[in-house]
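Open your viewer and get ready to click along. We will go from the whole chain to single side chains, one selection at a time.

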Amino acid sequence: MSPTPKQARSHRRKANHGDHTRNANAFRVEASWNDRPDKPAAVKTSDRKRVRRLARQWAADGAYVIVQKSAGWDTWRTVDEIDGPALVAERRRLAAEERRRVEEQQRAAVEAEAARLATVERSERDRADLARLMRRPPVAREQCGRRDARHVTGAQR
């Protein structure tokens with residue numbers, strides 16, 4: 001009996017040389033919120049961009065985020081920890097400081113404008129007083145500034 005074509009080829013079949021190791025490129029992102037500690041979030045993925053995006057997004061939402069990388073065989077190594085509540089508090093503090101700085105600048109601008117207007121009004125008043133003085137007829141004065149002599153001598157009568 002001759003071997004069938006299938007049996008003839010079976011002894012020449014090569015083994016599958018694909019990589020059988022565990023995926024060491026996996027990441028795990030875990031997040032927990034202070035206001036809801038009973039509902040943490042966890043995502044496993046090998047997409048590094050998605051890991052970064054999720055970590056930033058959850059930290060911005062006020063979560064404490066832990067990014068872990070696979071060490072193989074379901075063991076994880078912590079790569080990054082992000083304290084979301086501290087970041088949110090810092091962002092609020094910076095926003096309040098910026099608002100305060102803007103208010104101070106506006107108040108200083110208003111005070112400077114008021115001082116400028118007061119100076120303009122004062123200079124206009126001074127100019128008006130000077131114009132009023134210039135319109136008055138001159139007063140006969142001597143060199144010492146007296147209007148009239150203290151006495152009149154007989155020769156000047």
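A polar contact is a pair of N or O atoms within 3.5 Å, and within protein one of them must be able to donate a hydrogen and the other to accept it. Keep that in mind for some of the stops below. Also remember that you are looking at a predicted model.

**Stop 1: the whole chain**

Start with a cartoon view of everything. The protein chain has 3 helices and 4 strands. Followed from the N terminus, these elements come in the order α-β-β-α-β-β-α. Now switch to a surface view: the protein chain exposes about 13,700 Å², and carbon and sulfur atoms supply 51% of that area. Of its 157 residues, 15% count as buried. Among contacts between residues at least 6 apart in sequence, 38% join residues at least 24 apart.

**Stop 2: Arg28**

Select Arg28, which you will find in strand 1. Is Arg28 buried or exposed? Its relative accessible area is 18%, and because buried means under 20%, Arg28 counts as buried.

Show the side chains here. The side chain of Arg28 makes a polar contact with the side chain of Glu30 at 3.2 Å. A second polar contact, at 2.7 Å, links the side chain of Arg28 to that of Gln68. Now display the other residues around Arg28. Leaving aside neighbours within four places in sequence, Arg28 is in contact with Val43, Lys44, Ile66, Val67, Gln68 and Trp76.

**Stop 3**

In soluble globular proteins, nonpolar side chains tend to be buried together. To see such a group here, select Ala31, Trp58, Ala63 and Val65. These have the most contacts inside the largest nonpolar core, which has 14 residues. The elements giving two or more residues to this core are strand 1 (27-33), helix 2 (48-60) and strand 3 (63-72). Which element gives the largest share of this core? Color helix 2 to see the answer: 5 residues of the core come from helix 2.

While you are here, click on Ala63. Not counting residues up to four places away in sequence, Ala63 touches Ala31, Ser32, Trp33, Trp58, Ile82, Asp83, Gly84 and Pro85.

**Stop 3: Glu81**

Next, go to Glu81 in strand 4 (residues 75-83). Glu81 is partly exposed, with a relative accessible area of 46%. Which residues does Glu81 touch, not counting residues up to four places away in sequence? They are Tyr64, Val65 and Ile66. You have already met Val65 as one of the core residues with the most contacts.

Draw a distance between the C-alpha atoms of Glu81 and Ile66: these residues are 15 apart along the chain, yet the two atoms are separated by 4.6 Å. Then look at Tyr64, whose side chain makes a polar contact of 2.4 Å with the side chain of Glu81.

**Stop 4: salt bridges along helix 3**

The structure holds 6 salt bridges, and we will visit some of them. The side chains of Glu90 and Arg93 meet in a salt bridge, 2.6 Å from N to O. Both lie in helix 3, 3 residues apart, about one turn of the helix.

What about their accessibility? Glu90 is partly exposed at 36%, Arg93 is partly exposed at 41%, and Glu97 is partly exposed at 40%.

Move along helix 3 to Asp129 and Arg132. Here too there is a salt bridge, with the closest N and O atoms 2.9 Å apart. Asp129 and Arg132 are separated by about one helical turn, because they are 3 residues apart in helix 3. Asp129 is partly exposed at 39%, and Arg132 is partly exposed at 47%.

**Stop 5: a nonpolar surface patch**

For the last stop, select Leu130, Leu133 and Met134. Together they make a nonpolar surface patch of about 330 Å². Click on Met134, which lies in helix 3 (residues 84-135). Its relative accessibility is 64%, so Met134 counts as exposed.

Note on methods:
Residues are numbered from 1 along each chain as its sequence is written. This is a predicted model: local features need pLDDT of at least 70, side-chain atom pairs count only at pLDDT 80 or more; totals for chains, interfaces and linings use all residues. Side-chain values use heavy atoms; hydrogens and water are left out. Buried means under 20% relative accessible area, exposed over 50%, partly exposed in between (1.4 Å probe, protein chains only). Contact means heavy atoms within 4.5 Å. Patches are made of residues with over 30% relative accessible area and no salt bridge: like charges are joined within 9 Å, nonpolar side chains (Val, Leu, Ile, Met, Phe, Trp, Tyr) within 5 Å. Accessible areas come from the Shrake-Rupley method with a 1.4 Å probe; for residues, only the protein chains shown count as cover. A salt bridge is a side-chain nitrogen of Lys or Arg within 4 Å of a carboxyl oxygen of Asp or Glu. A nonpolar core is a set of buried Ala, Val, Leu, Ile, Met, Phe, Trp, Tyr and Cys residues joined through side-chain atoms within 4.5 Å.
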